[in-house]
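Please examine the sequence and the structure shown below. The paragraphs that follow lead through them step by step.

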Amino acid sequence: MVKKAEVLLEALPYIQKFHGKTFVIKYGGHAMIDEKAKNWTAQDVVLLKYVGIHPVVVHGGGPEINKAMEKMGKKPKFIHGLRVTDEETLDIVEMVLAGKINGDIVSKLSKFGGKAVGLSGKSGRIIIAKKKIKYIKNEKGEKIAVDLGKVGETVEVNTELLEILIRNGYIPVISPIGLDEKGEAYNLNADTVAGDIAGALKAEKLILITDVDGIMDDVNDPNTLHRILTASELMEMIEDGRIKGGMIPKAESALYALNHGVKSVHIINGKIPHALLLEIFTEEGIGTMITKD
């Protein structure tokens, strides 16, 4: 019993420090697939709300989208970690994200006592988007434009609806679909959207839940985990190629958030039970924390 009391006391200064602050949580990876992980992640988010922190959840759904596409005879295609999205793929993405996954997260949060509201970036025009043009280098080292189809990037985040929900005790749960000025829908990268929303809300923290322990020099060696990085150190890792694949948009999202008023960004492993609480309310943490220089 004494140990339980010690754990609660260790959390006390963090609860005091973050009371009334907004955390944007990007919910992804294993934590969205495994039933036990879904439960403990939802419990963590609801607990944050009950100790006076304002969580805003942004989710992706890559594995579920891939499954749905394969069932429909379409093969997923990616360029530099970004999904190539034609009109048919966008329909599947919206069906999976805004329908199945968003509803499942809202249900889980409600199960544990959270007042969750399911939204997409289209709701209240939260995310104003435009078509994303991706540039890559060819064999000659020349930059060439790649058409990703109905893939967008954020032009503006309208926080009015989110702020109303937060003030009234709700947990917004957002899928990364945005609208352009003409009302055309676009699929956006969920890590990027999480950073955009965190920056717009001037969140205290952006927390990216993924399937690895954090940023590592070697993904197969946990001993190479970086516990703390500065923004400039992270930029250096992107430039020299140590950040690869799906970690690229996470790292870029972290840098954007930090440059737009977010105090710290955390990348944690959702396979670890109650990873959110361990990262936020313990001195050691469990993942990588990225701070301003």
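In which strand is N187 found? N187 is found in strand β10, which covers residues 185-187. Helices (H or I, at least four residues) and strands (E, at least two) are DSSP runs, numbered from the N terminus. The model is a predicted one, in which local features need pLDDT of at least 70, side-chain atom pairs count only at pLDDT 80 or more, and totals for chains, interfaces and linings use all residues. Residues are numbered from 1 along each chain as its sequence is written, and side-chain values use heavy atoms, with hydrogens and water left out.

An unreviewed UniProt entry lists G61, G62, R83 and N187 under "binding site"; UniProt positions are given in the numbering used here, feature names are shortened, and annotations may be inferred rather than shown by experiment. These residues span 127 residues in sequence, yet no two of their C-alpha atoms are more than 11.6 Å apart, so they gather at one spot.

Is N187 buried or exposed? N187 has a relative accessible area of 7% and is therefore buried. Buried means under 20% relative accessible area, exposed means over 50%, and partly exposed lies in between (1.4 Å probe, protein chains only). R83, in strand β4 (residues 82-83), is likewise buried, with a relative accessible area of 8%. Contact here means heavy atoms within 4.5 Å. Not counting residues up to four places away in sequence, N187 touches R83, T85, L90, V93, L97, K150, V151, G152, P176 and I177. With neighbours within four places in sequence left aside, the contacts of R83 include G62, I65, M69, T89, V93 and N187.

Several of these names return in the packing of helices. Two packed helices are described by the angle between their axes and the distance between the axes. Axes are lines fitted to C-alpha atoms, for helices over the stretch in contact, and angles run from 0 to 180 degrees between N-to-C directions. Helix α3 (residues 62-71) packs against helix α4 (residues 87-111) at about 130°, and their axes are 10 Å apart. This angle makes α3 oblique to α4; angles under 35 degrees count as roughly parallel, over 145 as roughly antiparallel, 65 to 115 as roughly perpendicular and the rest as oblique. The crossing of α3 and α4 is right-handed. A crossing is left-handed if the near helix is turned anticlockwise from the far one by less than a right angle, and right-handed if clockwise. From α3, the contact is made by E64, I65, A68 and M69, and from α4 by T89, I92, V93, V96, L97, K100 and I101. By class, this contact of α3 with α4 has 8 nonpolar, 1 polar and 2 charged residues. Ala, Val, Leu, Ile, Met, Phe, Trp, Tyr, Cys and Pro count as nonpolar, Asp, Glu, Lys and Arg as charged, and the others, Gly among them, as polar.

Helix α7 (residues 231-239) and helix α8 (residues 247-259) pack at an angle of about 150°, with axes 10 Å apart. That angle makes α7 roughly antiparallel to α8, and α7 passes α8 in a left-handed crossing. A231, L234, M235 and I238 of α7 meet A251, E252, A254, L255 and L258 of α8. The contact of α7 with α8 has 8 nonpolar, no polar and 1 charged residues. Helix α6 (residues 190-201) packs with α8 at about 5°, with the axes 8 Å apart, which makes α6 roughly parallel to α8. D191, T192, A194, G195 and D196 of α6 meet P249, K250, S253, Y256 and A257 of α8. The classes in the contact of α6 with α8 are 4 nonpolar, 3 polar and 3 charged residues.

Two loop residues deserve attention for their backbone. Most residues other than glycine have a negative phi, and most peptide bonds are trans. K202, in the loop between α6 and β11, has a positive phi near 50°, and at 54% relative accessibility K202 counts as exposed. H274, in the loop between β13 (264-269) and α9, has a positive phi near 55° and is partly exposed at 29%.

Helix α9 (residues 275-281) holds L276, which is buried with a relative accessible area of 3%. L276 and I209 are 67 residues apart in sequence, while their C-alpha atoms are 8.3 Å apart in space.
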